[in-house]
Amino acid sequence: MKTLALIGASGHGKVVADLAENLGYSVHFYDDNYPKTDTVGVWSVKGTLADLLEAENRPEFAFVAIGNNHIREVIIQKLEKVGFSIPALIHPTAVISKYAEIGPATAILAGVVVNPFVTIGKGCIINTRAIIEHDNSIEDFVHISPGACLAGNVSVNKYSWVGIGSSVKQGLTIGQNSIVGAGSSVVNNIQDNLIVAGTPAKKLRTREC
């Protein structure tokens with residue numbers, strides 16, 4: 001059985017660990033709260049990220065189960081630098097078009113639908129039962145939350161986050177490093193570095209990196 005080093009002992013980590021086991025991996029967690037945190041659910045925490053990076057007999061595969069898009073990027077870069085293979089993890093119940101492209105280090109969770117000619121970048125989270133319609137472009141380190149629905153020809157730029165249960169009208173662009181609040185309806189383009197929410201979604205404030 002392949003061993004997967006999973007970074008991030010959190011609720012999201014539990015979901016990714018369950019997914020990884022469904023795909024035939026044996027999971028070992030690593031988290032910087034170790035040894036204070038030495039278990040997560042039924043899984044043991046073996047050490048910190050530094051312990052993993054410095055280990056002589058480390059596993060071939062690793063994955064980052066951390067929700068913060070920027071932190072996820074930094075850790076993925078550290079893992080790649082020392083030679084880890086970071087696969088995409090795709091739940092068996094997800095429906096993925098054969099014409100879609102999925103980047104490495106991306107998690108696609110249970111019940112997701114990804115339709116034809118979608119591109120999903122590196123290090124993304126496509127969360128439970130999200131729907132990504134045809135011809136979408138999801139850039140690197142984006143999080144599409146549970147139950148979000150993106151209509152056709154939507155672009156979501158790097159580091160952005162679409163909240164749980166939100167919907168995005170066809171043909172729109174969500175700018176880089178922006179957040180769409182839970183349950184929002186996006187009917188206009190969203191500029192970079194904005195936090196928006198509501199029906200229709202409106203600017204609440206700018207977002208710091």
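## Rings in the loops

Tyr-99 is partly exposed, with a relative accessible area of 44%. Here buried means under 20% relative accessible area, exposed over 50%, and partly exposed in between (1.4 Å probe, protein chains only). This is a predicted model: local features need pLDDT of at least 70, side-chain atom pairs count only at pLDDT 80 or more, and totals for chains, interfaces and linings use all residues. Residues are numbered from 1 along each chain as its sequence is written, and side-chain values use heavy atoms, without hydrogens and water.

The structure has four aromatic pairs. Rings of Phe, Tyr and Trp (its six-membered ring) pair if their centres lie within 6.5 Å; planes under 30 degrees apart are stacked, over 60 edge-to-face, and the rest tilted. Tyr-99 and Phe-117 make one of these pairs: their ring centres are 5.3 Å apart and their planes meet at 20°, so the pair is stacked. Tyr-99 sits in the loop between strand 7 (95-96) and strand 8 (101-102), and Phe-117 in the loop between strand 10 (113-114) and strand 11 (119-120), so the pair ties together parts 18 residues apart in sequence.

Phe-141 and Tyr-159 are also stacked, at 6.4 Å centre to centre with 20° between the planes. Phe-141 is in the loop between strand 14 (137-138) and strand 15. Tyr-159 is in the loop between strand 17 (155-156) and strand 18, and the two residues are 18 apart. Both Phe-141 and Tyr-159 are buried.

## The open sheet

Helices (H or I, at least four residues) and strands (E, at least two) are DSSP runs, numbered from the N terminus. Two strands pair if DSSP finds at least two bridges between them. Eight strands build an open sheet with mixed pairing, in the order 6-9-12-15-18-21-23-24. Strand 6 (89-90) and strand 24 (202-206) stand at the edges with a single partner strand each, so one side of each has no neighbour in the sheet.

Strand 15 (residues 143-144) and strand 18 (residues 161-162) run parallel, joined by two bridges. Ile-144 faces Val-162 of strand 18 across this pairing.

Strand 2 (residues 25-30) runs parallel to strand 4 (residues 43-47), and two bridges join them. Phe-29 has Val-45 in strand 4 as its bridge partner.

Strand 3 (residues 39-40) pairs with strand 4 in the antiparallel sense, again over two bridges. Strands 3 and 4 form a hairpin with two residues between them. In the turn, Gly-41 has a positive phi of about 60°.

## Helix 1

Helix 1 (residues 11-22) has 12 residues. From first C-alpha to last, helix 1 reaches 17 Å, close to the 16 Å expected at 1.5 Å a residue. That expected span is 1.5 Å times one less than the number of residues.

Which residues of helix 1 are buried? They are His-12, Gly-13, Val-16, Ala-17, Leu-19 and Ala-20. Seen down the axis, the buried residues of helix 1 fall within an arc of 160°, so they line one face of the helix. The arc is taken from the directions from the helix axis to the C-beta atoms.

A charge sits over a ring if NZ of Lys or CZ of Arg is within 6 Å of the ring centre and within 35 degrees of the ring normal. The charged end of Lys-2 sits over the ring of Tyr-25, 4.4 Å from its centre. Lys-2 also lies over the face of Phe-61, 5.7 Å from the ring centre.

The count of disulfides (pairs of cysteine sulfur atoms within 2.5 Å) is zero. Cys-149 is in no disulfide, and its nearest cysteine sulfur, that of Cys-124, is 17 Å away. Cys-149 is partly exposed at 32% relative accessible area, whereas Cys-124 is buried at 1%.
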